[in-house]
Amino acid sequence: MKKVLFIAVLFITAVLQAQTKEYRAEREKINDLVHTKLKVDFNFEESQLNGEAWITLKPHFYSTEKVVLDAKYFSIKEVKVNNIKAAYNYSDNELTVELGKTYKKDEEYTIYVKYIANPEEVVQKGSNAIKDAKGLYFIDPKDEDPEKPTQIWTQGETESNSCWFPTIDSPNQKTTQEIYITVPNKYVTLSNGKLINKTTNPNGTRTDYWKMDKKHAPYLVFIGVGEFSIVKDSWNGIDVDYYVEKEYESVAKDIFGKTPEMISFFSKITGIPYVWDKYSQIVVRDYVSGAMENTTAVVHGEDAQQKKGQLIDNNEWESTIAHELFHHWFGDLVTTESWSNLTVNESFATYSVYLWYEYKYGKDKANSHMYEDIQTYLQSQSEDKDLVRFYYEDKEEMFDPVSYHKGSAILHMLRNYLGDDAFFAGMHTFLEEHKYGKAEAQELRLAFEEVSGKDLNWFFNQWYYGNGHIKMNVTYDFNLLKNTVTVNINQIGEVFKFPLAIDIYEGSSKLRHNVWVDNTQNSFTFSFNEMPKLINIDPEHILLAEITDKKTLENYIYQYNNAPHFLDRKFALEEIAKHQDNREAFNTIIKAFNDPYYEIRVLALEQIDLFQKYNKKDAIFKIEKIAQSDDKTLVKAEAINVLGKLVDPIYKPLFERGMESESFAMIGTSLISLYQIDKERAVTKVNSLSEEVKDRLADPITKIYINEKDKTKLPFIAKHVLKGMFLTQDKRTQSMYNEAFKWIAESDNKEAITNLTEDFVKLGLQYKKYNFDKMAVNMLNQMVYAQQQSGNSNKNELIVILKTGMAKLIE
């Protein structure tokens with residue numbers, strides 16, 4: 001599952017929850033699921049599911065006379081065993097059925113349950129605190145919201161599918177399945193496996209029969225219902241379908257169209273061709289997470305649906321598409337035996353994005369992505385958490401930057417240590433030995449050891465069953481008489497052991513030294529022929545580490561020009577930008593305008609100081625050229641942004657052309673730049689845009705509306721003000737949005753107050769584990785005080801809205 005909450009760590013200080021001392025073991029297997037057959041239809045008025053279930057099971061090893069099924073918040077109507085009415089007890093969301101005889105190992109029996117599922121009654125913690133993890137979600141079931149389609153969808157992970165069908169809701173269980181879904185004729189359905197047939201009923205409904213012949217875990221079972229356009233694609237004769245709202249039908253392949261190529265790539269690197277009988281992706285409204293890897297029926301949140309103007313700039317959902325697909329090997333084909341071992345699902349799915357980017361776009365994009373992942377982990381204040389955790393308060397806590405981002409970085413280190421051939425062969429062995437089953441991290445270790453012949457206990461004990469990461473200071477001692485340099489590695493805190501590469505540059509040549517670090521302090525002495533221009537520690541940026549290393553400006557200029565890794569160029573450029581009064585430093589930034597990777601070009605444009613005396617005209621000329629001819633719209637957009645800061649009317653035609661671009665990034669920066677020299681023209685252009693496009697260009701348009709002090713635009717500003725306050729690092733922008741917050745807080749605009757209150761509630765609940773709910777309550781309280789001090793005639797009504805929001809956050 002791809003989680004959306006991780007952005008919170010970029011702007012909220014994490015509050016670590018105390019762990020309980022209860023050992024979180026793999027769930028005991030008394031009975032094994034064999035097959036699940038369901039017949040379901042829906043009560044839209046009451047948001048209920050009417051169900052019949054036939055659950056086939058067998059004793060795992062020991063003989064048994066009863067079975068306990070998870071069945072949460074059901075109304076049980078009838079229970080049978082092998083078609084004979086059975087005695088049962090239903091309490092504490094468990095259905096205990098007396099089997100009527102003793103069943104021995106491998107002796108199958110079938111439980112029939114007729115029931116009503118009541119998802120609106122469910123109260124249990126979910127991975128997203130906005131809603132209880134009720135498993136089955138009705139979206140606008142009575143068709144009351146003109147802005148929202150009627151939909152039904154399910155979310156099973158971690159253990160919520162038992163809110164809509166009886167099962168043993170544990171990741172160490174596997175079942176085949178068949179589901180009959182009856183819906184009004186206007187709706188399409190989606191479930192796991194293949195659609196075998198459709199039967200039209202005389203009452204205006206239709207029954208779709210979906211069948212899945214291969215085993216998977218209960219939490220991966222899915223049903224989706226709604227009005228969707230189905231865009232067809234294929235891979236090796238297998239259906240690959242994209243279920244989107246009609247409005248996005250024309251861009252569905254722009255969003256999801258790389259899926260077949262991804263399937264080919266992941267099949268190749270795992271050595272196991274995609275085993276399932278179809279691959280569908282569906283985009284739903286009000287989804288409670290980012291996306292979910294339901295086997296052959298992946299669900300995505302509505303942010304996946306992007307406009308052409310966004311996709312031209314960058315498909316922001318491509319990483320999620322790769323992540324969920326790779327789960328069909330790690331997570332679906334082989335599933336974690338317990339949530340404590342979630343790493344065997346999520347770390348691999350997260351690392352798959354690096355692998356895909358490396359293959360499709362090259363190492364620069366892959367390394368940029370890995371850097372972002374590592375920063376997410378480092379900023380999450382999760383140093384005290386093991387990757388494999390047997391002690392936690394709630395299973396939902398496992399879905400965090402340690403299981404995802406840190407785990408991905410650990411796999412990257414393991415790949416580097418073993419080498420590509422052994423790493424991918426180890427992946428293959430692990431999948432082959434456990435396919436259609438479950439596994440834990442120790443079995444992953446054994447697979448890599450079997451392939452490589454290396455003992456990996458030291459690696460797994462340190463990285464899987466330990467916590468923290470490498471922290472080290474690096475110093476250098478030069479002996480000019482002996483022409484040697486001693487590199488001192490000083491670890492801070494916990495001592496890790498690891499292989500370390502050190503590159504020493506002399507003139508235009510480079511010599512790599514590979515050493516082993518295993519103590520608090522290690523020193524390594526190397527000879528040289530001429531004074532090194534640069535000593536580069538961990539030049540491939542393999543280590544999950546914080547490294548402190550002093551370098552001069554000359555070192556950084558040399559590093560940008562000679563060290564090939566994306567991060568070497570990025571870090572060098574960021575340091576060089578602090579010294580643009582130096583001619584060589586300034587010229588290096590200009591040189592970076594031609595960097596082969598677009599993110600470095602964008603960074604150079606962001607950092608350039610055009611008020612320096614050196615080569616200003618030459619720099620501006622190059623920026624003008626970039627704004628018109630760079631092959632990446634994001635680079636063009638940043639070039640337009642730089643030129644806009646010059647506030648020169650000569651660029652008005654350039655900005656006006658930019659506003660006619662399909663690229664939303666170019667439209668946005670062109671609007672802001674034009675606003676600096678012709679406010680009336682820019683505002684006219686903004687007012688001509690549709691509300692949907694305005695929402696997609698929220699940042700530049702909100703800034704213009706704030707500057708214009710247009711009270712009629714307060715509702716729009718209110719919908720975006722929190723993003724500006726908390727998701728930007730620019731202090732001027734933060735200050736602008738803070739002023740907008742005060743403006744809204746004191747206003748009499750009911751719609752604006754409502755929009756901002758709803759945003760506080762949404763974010764406060766979503767990021768409750770980071771204490772954002774408390775911050776939201778505090779800020780809503782500030783708004784209450786502002787209203788109390790105001791002379792607004794409707795202040796009492798507005799205070800009720802604010803206090804209602806506070807109550808939702810506190811309850």
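**View A. Buried residues of helix 14 pack against helix 6 (363-378), helix 11 (553-562), helix 12, helix 13 (583-591), helix 15 (616-629) and helix 16 (633-644).** The structure is a predicted model in which local features need pLDDT of at least 70 and side-chain atom pairs count only at pLDDT 80 or more, while totals for chains, interfaces and linings use all residues. Residues are numbered from 1 along each chain as its sequence is written, and side-chain values use heavy atoms, with hydrogens and water left out. Helices (H or I, at least four residues) and strands (E, at least two) are DSSP runs, numbered from the N terminus. Helix 14 (residues 598-607) is largely enclosed by the rest of the structure, because seven of its ten residues are buried. These buried residues are Tyr598, Ile600, Arg601, Val602, Leu603, Ala604 and Leu605. Buried denotes under 20% relative accessible area, exposed over 50%, and partly exposed the range in between (1.4 Å probe, protein chains only).

**View B. A salt bridge joins the side chains of Glu574 and Lys570 (2.8 Å, N to O).** The term salt bridge requires a side-chain nitrogen of Lys or Arg within 4 Å of a carboxyl oxygen of Asp or Glu. The two residues are four apart in helix 12 (residues 566-576), so about one helical turn separates Glu574 from Lys570. An α-helix has 3.6 residues a turn, so residues three or four places apart point the same way. Glu574 is partly exposed at 27% relative accessibility, whereas Lys570, at 15%, counts as buried.

**View C. Lys148 and Asp286 form a salt bridge through their side chains (2.8 Å, N to O).** This pair links distant parts of the chain, 138 residues apart: Lys148 lies in the loop between strand 9 (136-139) and strand 10 (151-154), and Asp286 in the loop between strand 18 (279-283) and strand 19 (291-292). Lys148 is partly exposed at 23% relative accessibility, and Asp286 is partly exposed at 25%. A search of the whole structure finds 45 salt bridges.

**View D. Salt bridges link Glu358, Lys363, Arg415 and Asp420 in a network.** Within this group, the side chains of Arg415 and Asp420 meet at 2.8 Å (N to O) in a salt bridge. Arg415 is buried, with 7% relative accessibility, while Asp420 is partly exposed, with a relative accessible area of 37%.

**View E. Strand 20 (residues 297-300) is covered on both faces.** Ala297 and Val299 on one side, and Val298 and His300 on the other, are all buried. Strand 18 runs parallel to strand 20, and four bridges join them; two strands are said to pair if DSSP finds at least two bridges between them. Ile282 stands opposite Val299 of strand 20. Strand 19 pairs with strand 20 in the antiparallel sense over two bridges, and Met292 has Val299 as its bridge partner in strand 20. Strands 19 and 20 form a hairpin with four residues between them, and Thr296 in the turn has a positive phi of about 65°.

**View F. Eight strands form an open sheet in the order 5-4-8-2-1-11-14-13, with mixed pairing.** Strand 5 (84-85) and strand 13 (194-200) stand at the edges; each has a single partner strand, so one side of each is left without a neighbour in the sheet. Strand 1 (residues 31-43) and strand 2 (residues 48-59) run antiparallel and are joined by twelve bridges. Thr36 has Ile55 as its bridge partner in strand 2.

**View G. Thr207 is found in strand 14 (residues 205-216).** Thr207 counts as buried at 14% relative accessibility. Leaving aside residues up to four places away in sequence, Thr207 touches Tyr180, Ile181, Thr182, Asn197, Lys198, Thr199 and Asn201, contact meaning heavy atoms within 4.5 Å. The side chains of Thr207 and Asn201 are joined by a polar contact of 3.1 Å. A polar contact is a pair of N or O atoms within 3.5 Å; within protein, one must be able to donate a hydrogen and the other to accept it, and residues adjacent in sequence count only if both atoms are side-chain atoms.

**View H. Phe478, Leu480 and Met531 form a nonpolar surface patch, with about 300 Å² of accessible area together.** Patches are made of residues with over 30% relative accessible area and no salt bridge, like charges being joined within 9 Å and nonpolar side chains (Val, Leu, Ile, Met, Phe, Trp, Tyr) within 5 Å. Accessible areas come from the Shrake-Rupley method with a 1.4 Å probe; for residues, only the protein chains shown count as cover. Met531 lies in the loop between strand 27 (521-527) and strand 28 (534-537), and is partly exposed with a relative accessible area of 42%.
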